[in-house]
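Hi everyone, thanks for coming. Let me put a structure on the screen and walk you through a few places in it.

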Amino acid sequence: MKNIRQFQIQTMRWRSTATAHTPHVSAGSPEDLEVNNEFITAKHYSEVPGPMPWPIIGNTWRMLPVIGPYQISDLANVSYILYKQYGKIAKLGNLVGRPDLLFVYDADEIEKVYRQEGDTPFRPSMPCLVKYKSQVRGQFFGRLPGVVGVHGEPWREFRTKVQKPVLQPQTVKKYIQPIEEVSDYFIKRMQEMKNENSEMPADFDNEIHKWALECIGRVALDARLGCLRPDLPKNSEPQKIINAAKYALRNVALLELKYPFWRYLPSTLWKKYVSNMDYFIEICMKYIDDAMLRLKNKPQSVNESELSLVERILANESDPKTAYILALDLILVGIDTISMAVCSMLYQIATRPEEQEKIHQEILKILPNKNDKLDASKLEKMVYLKAFIKEVLRMYSTVIGNGRTLQKDMVICGYKIPKGIQLVFPTIVTGNMEEYVTDCKQFKPERWLKQSSGYIHPYASLPYGHGPRMCLGRRFADLEMQVFLAKVIFIYYNYIK
Ligand code: HEM
């Protein structure tokens with residue numbers, strides 16, 4: 001019964017929106033005619049293949065513990081399963097409290113979606129953060145609540161304000177030395193963490209998270225948070241920040257997919273999420289206010305290029321809220337993403353001696369002396385290291401993919417897809433498909449070098465997304481990974497081996 005009703009609703013929605021395309025026929029341009037022909041011949045949305053929903057709980061049961069076959073903690077595997085079972089397009093429909101998820105594994109179609117998305121793309125992300133920003137603390141966030149979980153004009157306005165300082169290579173370069181300092185300290189700590197077999201502790205990823213938090217604190221808050229200090233007391237500020245960051249990040253998937261009931265009833269998980277977010281705002285405000293005081297005490301004559309990222313934002317804005325909210329967004333999405341990527345890189349470097357030696361030889365040429373330090377021109381020359389990073393992101397991307405909510409009806413893979421459907425582009429799968437990447441099963445950083453002969457579909461491996469909404473922190477992410485890996489190899493071969 002539920003299925004029939006759902007089908008009717010979808011059909012009605014499809015019909016009502018499909019009529020909006022009719023005027024295109026009379027417009028008569030070859031592109032319009034092509035689009036309309038596509039619509040006429042395309043199959044109905046209900047025919048998109050995918051797992052059959054159960055009555056009432058739809059497909060949500062598939063993500064429940066014990067009975068569900070899909071593990072929320074392993075969404076990469078879920079993406080592979082759906083691809084293997086259903087092919088280049090698969091629908092995970094009838095999910096409690098949320099729109100259908102439509103997985104697209106066709107790089108040409110992914111390109112088509114990105115190319116038509118306009119200047120305010122809609123990425124469906126973190127509804128719990130949306131609720132927090134728009135309702136729970138709506139008054140604080142106001143009209144421009146940041147970039148994460150924000151859409152349309154408010155997103156565009158906020159992104160326009162912060163885009164230049166955050167992505168300008170000139171600003172990013174200023175952080176080479178601070179990130180090198182944090183990384184040197186962390187690599188020294190890694191020596192102390194090793195056991196007698198030179199192995200890292202089982203919870204090493206937790207330590208990497210602390211490094212990531214320390215780096216992002218330096219960038220987004222202009223502060224050394226002290227997260228890397230050994231034996232942090234339980235109630236110390238850095239430990240509380242680490243706990244809050246882990247809680248806020250790790251529970252998003254649980255809140256979104258496994259226990260979406262917080263939308264109707266405030267669960268314990270939800271209440272704790274809110275109190276963690278409140279703590280984050282408090283921390284951001286404290287450090288940004290300190291930065292503002294420092295900026296006030298700087299001589300007026302200081303050139304903009306000498307200012308830090310936070311100071312540049314504060315200097316251009318009368319209200320420090322932009323800096324508070326930017327810091328919050330950068331911290332929320334910039335810790336787990338980079339930490340998991342770095343864990344993956346370290347594992348690949350450790351288990352691939354040939355590639356490790358190539359990186360070592362490259363670094364030896366660029367940093368020949370034991371006391372050498374990094375700078376922008378040296379990092380520029382590390383082409384193999386950069387290719388290695390790209391290859392790890394292609395084969396083992398820890399961000400499984402990107403998403404978009406369709407803003408208008410579209411034909412994708414021969415099906416009419418109604419506006420409002422959430423598309424998922426699993427880069428972890430498309431980046432490993434032979435038709436898009438030559439010798440895709442081989443780990444070959446060389447494929448990313450200029451002189452390489454192999455083929456890579458430009459939309460198959462997009463770890464940072466694409467278009468105007470592409471990862472805002474990508475330049476910092478690249479910098480942090482390059483600096484950290486270069487220093488691990490440099491210190492290992494100069495001081496440890
Ligand atoms: C290897 C590490 C990272 C990966 C793979 C990654 C990936 C992504 C992806 C796929 C998106 C969505 C892009 C789109 O919609 O087209 C995104 C958005 C974003 N990322 Fe990253 N990211 C990483 C690190 C970081 C870091 C370190 C920061 C902060 C310094 C950051 C900040 C952001 C922000 C703020 C957004 C939202 C942009 C917007 O909606 O306007 N990311 N990231």
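Let's start at phenylalanine 103, which counts as buried because it has 24 C-beta neighbours inside 10 Å. For that word, the cut-offs are 20 or more other C-beta atoms within 10 Å of a residue's own for buried, 12 or fewer for exposed, and partly exposed in between, with C-beta atoms placed from the backbone.

Before going on, please keep in mind that this is a predicted model: local features need pLDDT of at least 70, side-chain atom pairs count only at pLDDT 80 or more, and totals for chains, interfaces and linings use all residues. Residues are numbered from 1 along each chain as its sequence is written.

Back to phenylalanine 103, which sits in strand β2. Helices (H or I, at least four residues) and strands (E, at least two) are DSSP runs, numbered from the N terminus. Leaving out residues up to four places away in sequence, phenylalanine 103 touches Ser79, Leu82, Ala90, Val424 and Pro426; contact here takes C-beta atoms, placed from the backbone, within 7 Å. Glycine 401 is 298 residues from phenylalanine 103 in sequence, yet their C-alpha atoms are 9.9 Å apart in space.

Two of those names take us to helix α4. Which residues of α4 are buried? They are Val78, Ser79 and Leu82. They lie on the same side of α4, because they cover an arc of only 100° around the axis, taken from the directions from the helix axis to the C-beta atoms. As a reminder, an α-helix has 3.6 residues a turn, so residues three or four places apart point the same way. The buried residues of α4 pack against β1 (89-92), β2 (101-104) and α21 (427-430). After α4 comes glycine 87, with a positive phi near 95°.

Now, the ligand. Around it are 26 residues, and Val147, Gly334, Gly465, Cys471 and Gly473 come nearest; a residue is near if its C-beta atom, placed from the backbone, lies within 6 Å. Which helix gives the most to this shell? That is α16, with four residues.

Let's finish on cysteine 471, in the loop between α21 and α22. With 20 C-beta neighbours inside 10 Å, cysteine 471 counts as buried. Setting aside neighbours within four places in sequence, cysteine 471 is in contact with Tyr464, Gly465 and Ala477. UniProt, in an unreviewed entry, places the feature "binding site" at Cys471; positions are in the numbering used here, feature names are shortened, and annotations may be inferred rather than shown by experiment.

Key: Contact = placed C-beta atoms within 7 Å.
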